Amino acid sequence: MSSNQVSYEALRRARFMAFNYYPHSQAAEAFCKELTEELLNKEIRKRKRRAGDLVNFKKAVRLIVSDLLAHLDRDGPEWLYRSMRNDAFADSPVKGDTFLNVIKELERSNYINVVKGGNLSMPFSNAGAYGPGLASRFNASEALVEKLLQFHIGSDATIRHFRRLPSLSEVRLKSSSVRQGREKISGKAMRILPSDKIKEIKANLKELNMFLYEQEYDGMEFYGLKRIFNEGDRSDFHWNMGGRLYAIGESHYQWLKKEKRLDIKINQEPVVEIDINASFLRILHGLLSYELPTGEDIYAMEEVHREVVKSWFKCTLGHTGFHNKWPPKAIESIQKAEIKRPKSLTYKSLKPLIFKKYPVLSDWPNCGIRWSRLMYEESEGIIEVMRHLNNHNVPALPVHDSLIVPSSARELTETTFRTVFEHRFGVEFKFDVSSKV
């Protein structure tokens, strides 16, 4: 498929092809079996494939096709991306040479569309200049969807026929993000080298996931949690940047709005969600040994509405330094809160007032701590709380700086939260509780 037939936005939104779907129904199994036989019969080879390689080829067809077909809708097949480099398949159930063979046969049979990645002009560039070298993109062709219909599987029902595999110890590492003009380009996936540290991280993650996978959920499906570490290309990276827990799947509970998350039931019990109040700001005070400002509300300032103060901190602590002006997302957040911000209250004009009440921020660009470290410290605290709760047979679902727990565990969770975080950081922590109970 020519790149100019596909929108840049569609390619940019592509989902990672992780080989984590499988044919769940008899119809899907029959489809994959017939497709595999067709590809093998069409294949042109000089010598017969070895038995082990044949097993790997059949397995790869099932996983690749299941990934391609799991999420079809009225807008057509979604795009998936996958690097074609051999080192990108180090920890993959499908190896690089087998992947290339299957992709070649699917493309030769017109069952997939392919847009090659790399520094090519146009495919991954908004303006026609050389793009940031995104990975190759793939999606199911009309011919593959039509073949699927022969097995009475419509495009609106594929998710029932191709189900997701649980993932219990998935860890990812990304490089630092970069800016291309006004556009922020997310960090690229980096290869994770074997080490005692990564074994420990995966073992702890697997322990959490195995406990959570055994629970019963209403209003959501659970396929596991993964940890994503950031800025792995920095010289001072030692698995101490990022590391948040992200739910696995395309329609997971973390994507739900809070009011919908509160409809979830765990083991047939209603839930509460407990948030850390001003998490990054409190952690920063602790790490730099500053006392918290006095007052019941940490964001309260006489001169400025708290939502404006909160937006200032949010956009600053998520950045490497200070902004020259209000970022668009901060303005949007203030407007969404229906706050009328005086034009004279610029980002810069607020800085002296912030520094007066929160001196911990006065040297933010040079203090040696940035958003990725704050995220790591927060995630380590969250994991410690979860492990304590698991020891009391209490399942806890993380949503970055909050936990969803059965309502009967509210008091225990608040106590554990406070004990763990105040011991780790040496400052007072407060929590906000949401529930429908």
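This is a predicted model: local features need pLDDT of at least 70, side-chain atom pairs count only at pLDDT 80 or more; totals for chains, interfaces and linings use all residues.

**Helix H9**

- Helix H9 covers residues 279–287, and eight of its nine residues are buried, so the rest of the structure largely encloses this helix.
- The buried residues of H9 are Ser-279, Phe-280, Leu-281, Arg-282, Ile-283, Leu-284, His-285 and Gly-286.
- What do the buried residues of H9 pack against? Their partners are strand S12 (242–247), S14, H10, H13 and helix H14 (410–425).

**The nonpolar cores**

- In soluble globular proteins, nonpolar side chains tend to be buried together.
- Here, the largest nonpolar core has 79 residues, and Phe-313, Leu-361 and Phe-421 are the ones with the most contacts inside it.
- Helix H13 (residues 371–391) supplies the largest share of this core, namely nine residues.
- Another core, of 37 residues, lies apart from that one, and its members include Leu-63, Leu-68, Phe-138 and Leu-144.
- Which residues does Phe-313 touch, if those up to four places away in sequence are not counted? They are Leu-281, Tyr-299, Ile-354, Tyr-358 and Leu-361. Leu-281 is also one of the buried residues of H9.

**Two crossing helices**

- Helix H10 (residues 306–317) and helix H12 (residues 347–357) have axes that come within 11 Å and cross at roughly 100 degrees.
- With that angle, H10 counts as roughly perpendicular to H12, because the range for this label runs from 65 to 115 degrees.
- On the H10 side, the residues that meet H12 are Val-308, Val-309, Trp-312, Phe-313, Cys-315 and Thr-316. On the H12 side, they are Tyr-347, Leu-350, Lys-351 and Ile-354.
- How many residues of this contact are nonpolar, polar or charged? Eight are nonpolar, one is polar and one is charged.

**The cysteines**

- A disulfide is a covalent bond between the sulfur atoms of two cysteines.
- The count of disulfides in this model is zero.
- Cys-367 is in no disulfide, and the nearest cysteine sulfur, that of Cys-315, is 16 Å away. Two sulfurs would have to lie within 2.5 Å to count as a disulfide.
- Cys-32 has a relative accessibility of 2%, so this cysteine counts as buried.

**Positive phi in loops**

- Most residues other than glycine have a negative phi.
- His-152 is not a glycine, yet its phi is positive, near 60 degrees. This residue sits in the loop that joins helix H5 (142–149) and helix H6 (158–161).
- Is His-152 buried or exposed? With a relative accessible area of 71%, His-152 is exposed.
- Gln-268 also is not a glycine and has a positive phi, about 70 degrees. Its place is the loop between strand S13 (265–266) and strand S14 (269–276).
- Gln-268 has a relative accessible area of 57%, so it is exposed.

- Glu-269 is found in strand S14, and with 22% relative accessibility it counts as partly exposed. Glu-269 is in contact with Ile-264, Pro-406, Ser-407 and Ser-408. Glu-269 and Tyr-217 are 52 residues apart in sequence, and their C-alpha atoms are 9.1 Å apart in space.
- Pro-77 lies in the loop between helix H3 (51–69) and strand S3 (80–82), and at 25% relative accessibility it counts as partly exposed. From Pro-77 to Leu-11, the separation is 66 residues in sequence and 12 Å in space, C-alpha to C-alpha.
- Leu-40 belongs to helix H2 (residues 26–42). Its relative accessibility is 18%, and because buried means under 20%, Leu-40 counts as buried. Leu-40 is in contact with Arg-49, Leu-54, Phe-57 and Lys-58. Leu-40 and Glu-105 are 65 residues apart in sequence and 8.6 Å apart in space, C-alpha to C-alpha.

Key. Residues are numbered from 1 along each chain as its sequence is written. Side-chain values use heavy atoms; hydrogens and water are left out. A nonpolar core is a set of buried Ala, Val, Leu, Ile, Met, Phe, Trp, Tyr and Cys residues joined through side-chain atoms within 4.5 Å. Buried means under 20% relative accessible area, exposed over 50%, partly exposed in between (1.4 Å probe, protein chains only). Helices (H or I, at least four residues) and strands (E, at least two) are DSSP runs, numbered from the N terminus. Contact means heavy atoms within 4.5 Å. Axes are lines fitted to C-alpha atoms, for helices over the stretch in contact, and angles run from 0 to 180 degrees between N-to-C directions. Angles under 35 degrees count as roughly parallel, over 145 as roughly antiparallel, 65 to 115 as roughly perpendicular and the rest as oblique. Ala, Val, Leu, Ile, Met, Phe, Trp, Tyr, Cys and Pro count as nonpolar, Asp, Glu, Lys and Arg as charged, and the others, Gly among them, as polar.
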